[in-house]
Amino acid sequence: MIMERFDVIVIGSGALGSSTAFHLAKLGKKVALLDKADIASQTSARAAGLSGHLRQTEAMTKLSTYAVSKIERFSEETGEPMEFYQPGSMSCARRPEDVALIRERVAMGQRLRISAELISPDEARAKNPFLETKGILAVSYMKRDVYLEPDQVPRGYARAAAKLGATLMANTRVLEIVVENGAATRVVTDRGEFAASALVDAAGGWLRLVAAMAGAQAPVIPMRHQLMITTPLAAVKPTQPVTRILDANVYVRPDKGGLMFGGYEPDPKPYDRDTLASEFKIEHLELDISVLRRLADSVKDQFPIFQEHLDLQVHRGGLPTMTIDGEHIVGEAPGVRGLYVIGGCNVGGLSVSPALGQMLSELITTGETSHDISRMSPSRFARGISEQELQEGCRERYAKYYTFRIGQVPVPSVAAASA
């Protein structure tokens with residue numbers, strides 16, 4: 001028995017799902033936001049909270065720039081509080097090939113009239129006193145990049161959606177997606193059956209599983225990502241920029257008076273469908289501090305602070321979803337009318353969620369979007385991808401997150417090739 005009808009049901013209340021629910025409600029749609037756990041409690045709340053302008057392509061950079069502008073006026077748009085810091089970010093190159101990459105991206109930023117510039121290693125150290133200049137060949141500086149506590153985004157959007165009339169359904173497990181005459185028409189949950197004109201799969205690490213319930217594909221691999229935050233240190237100031245070492249794939253930023261340190265290991269840990277098909281929730285994620293210690297060792301010349309004995313106030317992790325080509329997945333699933341997918345965050349979902357949630361809402365409502373997201377269409381995977389190809393490509397995308405160029409052919413890492 002159908003308990004209630006909605007215009008759109010959004011499955012998953014992370015940053016992408018909550019943003020989509022808010023923007024749909026803002027467009028006057030009757031929306032339900034479902035989650036198997038508490039609202040906004042899974043990966044998004046455990047993210048690093050970095051939101052920058054420059055991405056791998058001009059199209060993605062334009063979207064990211066728009067997303068930052070929406071963070072800047074988040075309270076104005078949603079009526080919800082948003083505290084963020086805007087000290088900018090720096091990317092440091094230790095290899096000649098990364099110097100070339102930095103120069104390319106700064107040039108792209110300047111073409112797009114974004115405040116991107118090259119600065120000297122000494123200027124970088126002046127901005128971040130924890131950074132040592134040994135081995136650094138070049139540094140880019142993005143003046144207007146921001147960082148924030150990540151849970152503000154999904155929780156703020158979810159609350160704002162509720163104020164506009166959206167129904168929030170926490171701890172509601174989707175058991176079945178009913179497809180009739182090629183169209184997704186309703187969901188069966190452990191709290192009843194609900195109908196809708198459109199369904200949105202925003203299930204994050206469970207994106208593939210939810211899509212499969214409707215006979216659709218969402219070829220992503222969830223990868224464990226970890227970070228740590230030290231207890232307060234006297235020299236930490238919130239005005240110090242986010243700092244990245246490109247070839248080591250690590251980032252450092254101020255947080256709660258301490259330093260956040262995170263990164264992308266060369267031998268990442270994927271989570272397969274069988275593991276996630278159980279009662280798994282993000283709090284069950286197996287953490288491994290040795291991964292972060294190895295990453296810290298790889299930048300000991302640039303960040304010797306992490307060679308000291310530092311007490312930690314936070315060690316957390318999440319399951320960002322990777323795609324084989326590094327692009328997000330946003331749009332209608334091929335072969336199932338009315339089923340829309342938004343995911344494949346590629347460790348950047350939280351930062352771009354204000355823009356992508358709006359774009360998907362426009363697509364569902366009008367069939368068009370105010371920014372071009374055609375490259376993100378799920379239809380690009382219609383030919384199918386073998387499981388081995390998917391696993392290897394996604395491992396490579398994660399392991400070289402800061403240095404790969406979208407469009408390049410993945411070269412399997414040693415770990416991927418032996419997996």
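# Close-up views of a predicted model

A search through the whole structure turns up three cavities of 30 Å³ or more. The model is predicted, so local features are described only at pLDDT of at least 70 and side-chain atom pairs count only at pLDDT 80 or more, while totals for chains, interfaces and linings use all residues. Residues are numbered from 1 along each chain as its sequence is written, and side-chain values use heavy atoms, with hydrogens and water left out.

**View 1. The largest cavity holds about 60 Å³ of space.** On a 1 Å grid over the protein atoms alone, a cavity is a set of points where a 1.4 Å probe fits but cannot get out, and its lining residues have an atom within 4 Å of a point. Grid points are joined across faces, edges and corners, and a volume is the space filled by probe spheres set on the points. Look here for Gly 205, Arg 208, Leu 209, Val 220, Ile 221, Pro 222, Tyr 271, Asp 272, Arg 273, Leu 276 and Gln 391, which line the largest cavity. At least two lining residues come from each of α7 (207-213), β13 (221-222) and α8 (273-276). Helices (H or I, at least four residues) and strands (E, at least two) are DSSP runs, numbered from the N terminus. By class, the lining has six nonpolar, two polar and three charged residues. Here Ala, Val, Leu, Ile, Met, Phe, Trp, Tyr, Cys and Pro count as nonpolar, Asp, Glu, Lys and Arg as charged, and the others, Gly among them, as polar.

**View 2. The second largest cavity has a volume of about 50 Å³.** Its lining is made up of Thr 57, Ala 59, Met 60, Glu 327, Asp 372, Ile 373, Arg 375 and Met 376. Four of these residues are nonpolar, one is polar and three are charged.

**View 3. The second largest pocket has a volume of about 250 Å³.** A pocket, unlike a cavity, is an open set of points, with protein on both sides within 12 Å along at least five of seven lines. Helix α9 (residues 289-298) gives the largest share of the lining, four residues.

**View 4. The largest nonpolar core brings together 44 residues.** Such a core is a set of buried Ala, Val, Leu, Ile, Met, Phe, Trp, Tyr and Cys residues joined through side-chain atoms within 4.5 Å. Buried means under 20% relative accessible area, exposed over 50%, and partly exposed in between (1.4 Å probe, protein chains only). The residues with the most contacts inside this core are Val 10, Leu 63, Val 153, Val 200, Ile 342, Leu 356 and Ile 364. Helix α10 (residues 349-366) supplies the largest share, seven residues. A second, separate core has 35 residues, including Ile 177, Leu 199, Leu 276 and Leu 285. Zooming in on Val 10 and setting aside its neighbours within four places in sequence, its contacts (heavy atoms within 4.5 Å) include Leu 24, Leu 33, Val 200 and Ala 202.

**View 5. Helix α4 (residues 96-111) has 16 residues and reaches 23 Å from its first C-alpha to its last.** That is close to the 22 Å expected at 1.5 Å a residue, where the expected span is 1.5 Å times one less than the number of residues. Its buried residues are Asp 98, Val 99, Leu 101, Ile 102, Arg 105, Val 106, Met 108 and Gly 109. These pack against α2 (58-72), β5 (89-93), β6 (116-119) and β7 (138-142). After α4 comes Arg 113, with a positive phi near 60°.

**View 6. Ala 40 has a positive phi of about 55° although it is not a glycine.** Ala 40 sits in the loop between β2 (31-34) and β3 (50-51), and counts as buried because its relative accessibility is 2%. Asn 249 also has a positive phi, of about 60°; this residue is in the loop between β15 (242-245) and β16 (250-255). Asn 249 counts as buried at 3% relative accessibility.

**View 7. Val 242 is found in strand β15.** With a relative accessible area of 2%, Val 242 is buried. Beyond its neighbours within four places in sequence, its contacts include Leu 50, Met 90, Tyr 147 and Val 252.
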